2 protein chains.
Amino acid sequence: MTTLETSNPSRPDQPIGVFDSGIGGLTVVRAIKDALPKEDIFYLGDTARLPYGNKDRTTIERYSLEIAGLLTVEGAKVIVVACNTASALALPRLQEVFRVPIIGVIESGARAAVASTREKRVGIIGTRATVASRAYERAIHAIDPTVAVLSQPCPLLVPLIEEGMFDHSVTIEMLHHYLDPLIAEGIDTLVLGCTHYPLLKKAIAGVAGDEIVLVDSAENCATSVQKLLSESELENQAERPGNLQVALTDSSNPFFKTADRALELNINRVQTRIVQGVTLAAL
Amino acid sequence: MTTLETSNPSRPDQPIGVFDSGIGGLTVVRAIKDALPKEDIFYLGDTARLPYGNKDRTTIERYSLEIAGLLTVEGAKVIVVACNTASALALPRLQEVFRVPIIGVIESGARAAVASTREKRVGIIGTRATVASRAYERAIHAIDPTVAVLSQPCPLLVPLIEEGMFDHSVTIEMLHHYLDPLIAEGIDTLVLGCTHYPLLKKAIAGVAGDEIVLVDSAENCATSVQKLLSESELENQAERPGNLQVALTDSSNPFFKTADRALELNINRVQTRIVQGVTLAAL
């Protein structure tokens with residue numbers, strides 16, 4: 001057997017790899033493009049296997065490893081896990097396996113929440129798997145153990161957002177169902193712990209009221225990426241706007257156009273890629 | 001290379017293989033157990049990759065081929081595609097690849113709908129992929145081309161059912177949103193074109209009213225299986241009740257217990273299986 005070179009030192013002109021279970025992670029891409037306009041980005045949305053939010057740790061780890069393998073093959077200099085569920089459940093395993101730096105959305109969201117809360121009462125909304133993992137709670141308590149964290153799984157928000165029902169009466173009713181108990185508990189900060197939720201920010205703000213600060217994990221994650229690239233001297237110095245490549249694992253996601261329009265990304269072409277065990281086996 | 005024996009003639013004591021994208025197909029298992037109490041059943045729910053209803057034909061064919069491969073390895077004497085989306089999009093490809101008889105839910109549902117409609121106006125509700133495939137329309141017109149078929153994709157019903165919100169006000173509002181246009185068009189028969197929907201039959205009947213006959217594809221599919229086994233002399237003659245084995249591709253489906261209870265299947269043990277490309281490659 002010959003020895004394979006598995007880890008080239010990253011170069012500034014390599015792309016940032018970003019992945020999500022589907023389309024929601026494009027909110028993170030939008031924030032990265034705003035913060036780092038010269039960076040090339042390769043985005044992989046695992047639309048053939050979405051959603052991740054009701055699935056178990058073993059499944060989410062396996063999917064995340066397979067996708068990070070694909071992004072490594074695409075030459076990613078850093079991998080951004082633009083999915084709260086995968087960040088909550090698979091980040092430690094990803095960091096064990098891959099040498100390239102891997103950034104999730106939880107830690108930066110937790111930092112922003114702690115900075116924002118005056119009454120030390122933070123609400124978290126997310127998928128069932130994200131909430132059950134208690135990843136936000138752990139990340140917040142690592143910074144300030146005196147902050148009370150109140151969590152609420154919101155399993156219907158992703159399907160409602162994917163249907164584009166941003167201000168439908170059913171969506172507002174479900175938001176009251178999910179948020180009213182957190183509001184009654186006196187939270188002053190609410191973390192949007194799923195990359196779909198920024199698309200519903202207006203309706204969430206309407207139900208939460210003016211007194212509650214919304215923490216958008218997409219924006220805070222982009223700040224972390226910027227910091228990492230700057231510290232490791234990996235910022236792209238090119239004198240041109242960065243290029244965005246988007247690949248999905250299924251071709252027919254009806255939500256894609258809604259998201260592309262809402263985020264003004266102007267994505268012209270979407271590749272279809274198959275991601276499965278064989279990708280990982282080939283590493 | 002040695003020649004592999006790929007197709008043993010089926011024997012009556014082999015199990016019936018049943019699959020669905022998730023848990024909904026257990027409504028078909030319930031109907032098969034009622035019609036054929038002596039049959040062993042091996043059920044595979046692809047909960048790690050569900051739902052199929054918003055995904056494309058290539059993805060759904062690939063998943064169905066992989067699962068049918070696994071059921072063949074489990075010795076299935078017949079494979080029941082207890083998923084309307086997979087029946088609508090993958091049945092022809094499955095029948096091309098495998099020798100074992102493969103039964104979907106569309107044809108029997110279409111037959112029952114034609115038998116039921118007096119005014120020759122049939123409504124179909126299902127996932128986006130099932131409705132877009134026009135499979136029910138084709139199957140109904142193959143029997144009687146004069147029947148008017150009115151279809152409505154209902155993408156939010158599966159998430160609402162999986163949340164157990166069987167009589168929640170939000171579910172009733174969505175049912176009105178989906179069904180009122182079909183009722184206004186004068187349908188007298190409504191096909192529940194998704195194996196989840198029988199679990200919502202009471203609420204659907206409440207919104208549809210007494211004048212509209214509901215066709216449950218689960219029951220009609222069981223009748224087709226019974227007919228096939230009888231004609232091909234593959235009925236299990238054992239003097240004991242059949243055994244039900246359930247395997248899921250993810251361990252944490254919160255909907256499983258709801259369905260098990262509602263269908264009175266008393267499933268004690270659930271296996272977890274990984275299904276992916278390698279299974280197919282190994283055939």
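Predicted model: local features only at pLDDT ≥ 70, side-chain atom pairs only at ≥ 80, totals over all residues.
# A first look at a two-chain model

User: Which residues of α2(B) are buried?
Analyst: To count as buried, a residue needs 20 or more other C-beta atoms within 10 Å of its own. By that test the buried residues of α2(B) are B:Thr59, B:Ile60, B:Arg62, B:Tyr63, B:Ser64, B:Glu66, B:Ile67, B:Ala68, B:Leu70, B:Leu71 and B:Thr72.

User: Stepping back, why can chain A be called as compact as a globular protein of that length?
Analyst: Chain A is built with 12 helices and 10 strands. For its 283 residues the globule rule gives 19 Å, and chain A is close to that, so it is as compact as a globular protein of that length, with a radius of gyration of 18 Å.

User: What percentage of the residues of chain A count as buried?
Analyst: The C-alpha atoms of chain A fill a box of roughly 60 × 40 × 40 Å along the principal axes. Among contacts in chain A with a separation of 6 or more, 80% join residues 24 or more positions apart. Of the 283 residues, the buried share is 51%.

User: How far apart are the C-alpha centres of the two domains of chain A?
Analyst: The domain assignment gives domain 1 as 16-104 + 220-281 and domain 2 as 106-218. The contact between them takes 29 residues from domain 1 of chain A and 26 residues from domain 2 of chain A. Their C-alpha centres lie apart by 22 Å.

User: Which helices of chain A each supply at least two residues of the side of domain 1 that touches domain 2?
Analyst: By class, that side of domain 1 of chain A has 14 nonpolar, 13 polar and two charged residues. The elements that each supply at least two of its residues are α1 (26-35), α3 (84-97), α10 (217-231) and α11 (255-263).

User: Is α1(A) mostly covered or mostly uncovered, and what covers its buried residues?
Analyst: Helix α1(A) is mostly covered, with eight of its 10 residues buried. Those residues are A:Leu26, A:Thr27, A:Val28, A:Val29, A:Arg30, A:Ala31, A:Ile32 and A:Lys33. What covers them includes β1, β2, β3, α10, β9 and α11 of chain A.

User: What covers the buried residues of α4(A)?
Analyst: Helix α4(A) spans residues 106-116, and its buried residues are A:Ile106, A:Glu107, A:Ser108, A:Gly109, A:Ala110, A:Ala112 and A:Ala113. Their cover includes α3, β5, α6, β7, β8 and α10 of chain A.

User: Which residue of chain B comes closest to the rotation axis?
Analyst: Chain B superposes on chain A by a rotation of 180° with 0.0 Å of shift along its axis, at an RMSD of 0.0 Å. The two copies are thus related as by a two-fold rotation axis. In chain B, the residue that comes closest to the axis has its C-alpha at 2.2 Å, and it is B:Arg49.

User: Which element gives the largest share of the side of chain B that touches chain A?
Analyst: The contact takes 22 residues from chain B and 22 residues from chain A. On the chain B side, α8 (169-184) and α12 (277-281) each supply at least two residues. By class, this side has eight nonpolar, seven polar and seven charged residues. The largest share, three residues, comes from α8(B).

User: Is B:Lys120 buried or partly exposed?
Analyst: B:Lys120 sits in the loop between α4 and β5 of chain B. Its phi is positive, near 55°, though it is a residue other than glycine. Its 15 other C-beta atoms within 10 Å make B:Lys120 partly exposed.

Terms used:
Residues numbered from 1 in each chain as written. Chains lettered and ligands numbered in written order. Helix = DSSP H or I, 4+ residues; strand = E, 2+ residues; numbered from the N terminus. Rg over C-alpha atoms; globule rule 2.2 N^0.38 Å. Buried ≥ 20, exposed ≤ 12 C-beta atoms within 10 Å, placed from the backbone. Contact = placed C-beta atoms within 7 Å. Domains from an automatic or database assignment. Nonpolar A, V, L, I, M, F, W, Y, C, P; charged D, E, K, R; others polar. Least-squares fit on C-alpha atoms with pLDDT ≥ 70 in both.
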